[in-house]
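Thanks, everyone, for making the time. Please have a look at the model on the screen before I start.

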Amino acid sequence: AFYSATYRLFKLDGLEAAAVTDPIELGDLRYSDDGSFVARFTLAGVDTPIDLAGHFVLMTEAPELADTLAAGTILSADDIVLRTVPLNQVANTNVASLDQLIGKALQRQSRAGMVLKITDVADPQVIERNGQVTVYLRVGPMTLTVRGTALNSASAGEPVDVLNTLSKHVLHGIARADGSVQMPAGPVNVAGL
């Protein structure tokens with residue numbers, strides 16, 4: 001790595017820069033899409049510029065699983081490690097950020113070292129299909145509750161259908177974070193619950 005510091009002495013292939021504040025100066029830099037570059041430097045006190053050619057690799061941080069985890073596992077910060085990887089390995093793959101991963105559930109079993117993408121996780125399900133749930137209907141100060149069987153799995157905020165085990169009517173509501181179901185506000189035939 002090239003750097004400048006006050007009165008630091010630099011040597012390159014037997015060339016010695018003068019002891020000045022900025023002993024090396026980048027004069028020109030050209031690079032191409034394949035990662036190759038050519039840079040021209042001037043050294044203080046040296047008449048001939050120095051050309052340097054090489055190849056660069058752009059790097060980025062990507063979240064990886066620390067251990068192999070089962071489908072449905074809710075991810076915590078301890079389950080994820082950030083690794084520096086070449087950008088071309090994760091470009092256009094929807095790599096997730098930590099904020100998009102922590103508190104989410106794995107969609108499928110995943111192995112340690114796997115780079116996590118947004119499609120690998122989902123909101124955790126708070127209601128399981130065929131599970132018993134409580135349905136709430138709130139109208140003004142009145143709250144009615146009914147027990148039923150969930151007809152589909154759902155995450156918080158998603159629609160869920162519930163079979164009222166007494167009336168055998170299907171109720172349509174929204175899953176709440178606590179695992180209950182909220183009926184939408186509006187005109188409802190209470191006898192139909």
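I will talk about the aromatic rings, then a hairpin, and then a serine and an arginine.

What you see is a predicted model, in which local features need pLDDT of at least 70 and side-chain atom pairs count only at pLDDT 80 or more, while totals for chains, interfaces and linings use all residues. Residues are numbered from 1 along each chain as its sequence is written, and side-chain values use heavy atoms, with hydrogens and water left out.

Let me begin with the rings. The structure holds two aromatic pairs, where rings of Phe, Tyr and Trp (its six-membered ring) pair if their centres lie within 6.5 Å, and where planes under 30 degrees apart count as stacked, over 60 as edge-to-face and the rest as tilted. Tyr 31 and Phe 56 have ring centres 5.9 Å apart and planes at 80°, so this pair is edge-to-face. Because Tyr 31 lies in strand S3 (residues 24-31) and Phe 56 in the loop between strand S5 (50-55) and strand S6 (59-65), the pair ties together parts that are 25 residues apart in sequence; strands here are DSSP runs (E, at least two residues), numbered from the N terminus.

How exposed or buried are these two? Tyr 31, at 60% relative accessibility, counts as exposed, and Phe 56, at 29%, counts as partly exposed; buried means under 20% relative accessible area, exposed over 50%, and partly exposed in between, with a 1.4 Å probe and protein chains only.

Phe 56 also forms a tilted pair with Phe 37, at 6.4 Å centre to centre and 45° between the planes. Since Phe 37 lies in strand S4 (residues 36-43), this pair ties together parts that are 19 residues apart in sequence. Tyr 31, Phe 37 and Phe 56 form one aromatic cluster.

Asp 28, for instance, has Arg 40 in S4 as its bridge partner. Four residues separate the two strands of this hairpin, and Gly 35 in the turn has a positive phi of about 95°.

Elsewhere, Ser 155 is found in strand S13 (residues 154-155) and is buried, with a relative accessible area of 4%. Its side chain reaches the backbone oxygen of Pro 124 at 3.3 Å.

Finally, Arg 176 lies over the face of Tyr 136, at 4.9 Å from the ring centre; a charge sits over a ring if NZ of Lys or CZ of Arg is within 6 Å of the ring centre and within 35 degrees of the ring normal.

Technical notes. A polar contact is a pair of N or O atoms within 3.5 Å; within protein, one must be able to donate a hydrogen and the other to accept it, and residues adjacent in sequence count only if both atoms are side-chain atoms. Two strands pair if DSSP finds at least two bridges between them.
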